[in-house]
Amino acid sequence: MNLLNSYIQTLAARVRETRVTDGDGAEVDSDAAVTRAGAMARAAHAAGNKLMFIGNGGSAGICSHMATDYSKNGGMRSLAFNDGAFLTCLGNDFGYEHVFAKQIEFHGRESDLLIAISSSGQSPNILNAVAAARRQKAAVITLSGFSADNPLRKLGDLNFYLADSNYGFVEVGHLTLLHAVLDIAMGWKPGTDA
């Protein structure tokens, strides 16, 4: 087997092995979780609310990509809180650990949906943002990796966890899962190419 095929098989295995828990820590079947996440996104939009994506570094890139796709392809109000000027302003005035929480305080409202992405599940700015979303009575979906006991994994209504410490596998896995949520919510079925 060549190196690339091995890498792709490892990545696919990590995504297939994704573990999902609910807000009480109970295991949720991955198919049911993807369907439920799509329903949460659709329900937030249908109620006149929005999806808010947050993440650092590569996860911020995923946020921009997904906010665009959920808006354009999924027809759901979605945005990523990663504008450079806004982040540096809030980081300067309130500290980097509050750059997402402050945006949620400014723009979040009850029944919005926060999608919080952190490979480590330990980023203070992501954890503070989830707390801010809870104060706003928003729903929360988390995506994390690395350590199984990372704090983010316990904070969402749905928590997707990839058991790996390689940033590439975790980040691409998170992107794959979020695409799956959207594509399945839009009607994708096995055997279809649309």
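Mentor: Let us begin with pairing: two strands pair if DSSP finds at least two bridges between them. Helices (H or I, at least four residues) and strands (E, at least two) are themselves DSSP runs, numbered from the N terminus. In β6, L143 is the bridge partner of I117. The model is a predicted one, in which local features need pLDDT of at least 70, side-chain atom pairs count only at pLDDT 80 or more, and totals for chains, interfaces and linings use all residues. Residues are numbered from 1 along each chain as its sequence is written, and side-chain values use heavy atoms, with hydrogens and water left out.

Trainee: How many bridges join β5 to β6?

Mentor: Strands of a sheet pair through backbone hydrogen bonds, either parallel or antiparallel. Here β5 and β6 run parallel and are joined by six bridges. Strands β3 and β5 also run parallel, with four bridges between them; L51 stands opposite L113 in β5.

Trainee: Are the residues of β5 buried or exposed?

Mentor: A residue is buried under 20% relative accessible area, exposed over 50% and partly exposed in between (1.4 Å probe, protein chains only). Strand β5 is mostly covered, six of its six residues being buried. L113, I115 and I117 point one way from the strand, while L114, A116 and S118 point the other way.

Trainee: What of I54, and which residues does I54 contact?

Mentor: I54 lies in strand β3 and counts as buried because its relative accessibility is 0%. Apart from neighbours within four places in sequence, I54 is in contact with C63, F81, F100, L114, I115, A116, I117, I126 and A129. I54 and A80 are 26 residues apart in sequence, yet their C-alpha atoms are 6.1 Å apart in space.

Trainee: Where is S123 found?

Mentor: S123 is in the loop between β5 (113–118) and α6 (124–135). S123 is buried, at a relative accessible area of 17%. With neighbours within four places in sequence set aside, S123 is in contact with N56 and S118.

Trainee: How is the packing of two helices described?

Mentor: Two packed helices are described by the angle between their axes and the distance between the axes. Angles under 35 degrees count as roughly parallel, over 145 as roughly antiparallel, 65 to 115 as roughly perpendicular and the rest as oblique. Helix α5 (residues 99–107) and α6 pack at about 20 degrees, with axes 7 Å apart; α5 and α6 are therefore roughly parallel to each other. On the α5 side the contact includes V99, F100 and I104, and on the α6 side it includes I126, A129 and A132.

Trainee: At what angle do α2 and α7 pack?

Mentor: Helix α2 (residues 30–46) and helix α7 (residues 167–185) pack at an angle of about 70 degrees, their axes being 8 Å apart. That makes α2 roughly perpendicular to α7. V34, A37, G38 and R42 in α2 meet A180, V181, I184 and A185 in α7.

Trainee: And how do α3 and α7 pack?

Mentor: Helix α3 (residues 58–72) and α7 pack at about 15 degrees, with axes 10 Å apart. That makes α3 roughly parallel to α7. Residues of this contact include I62, H65 and M66 of α3 and H174, L175 and L178 of α7.

Definitions and conventions
Contact = heavy atoms within 4.5 Å. Axes fitted to C-alpha atoms, helices over the stretch in contact; angles between N-to-C directions.
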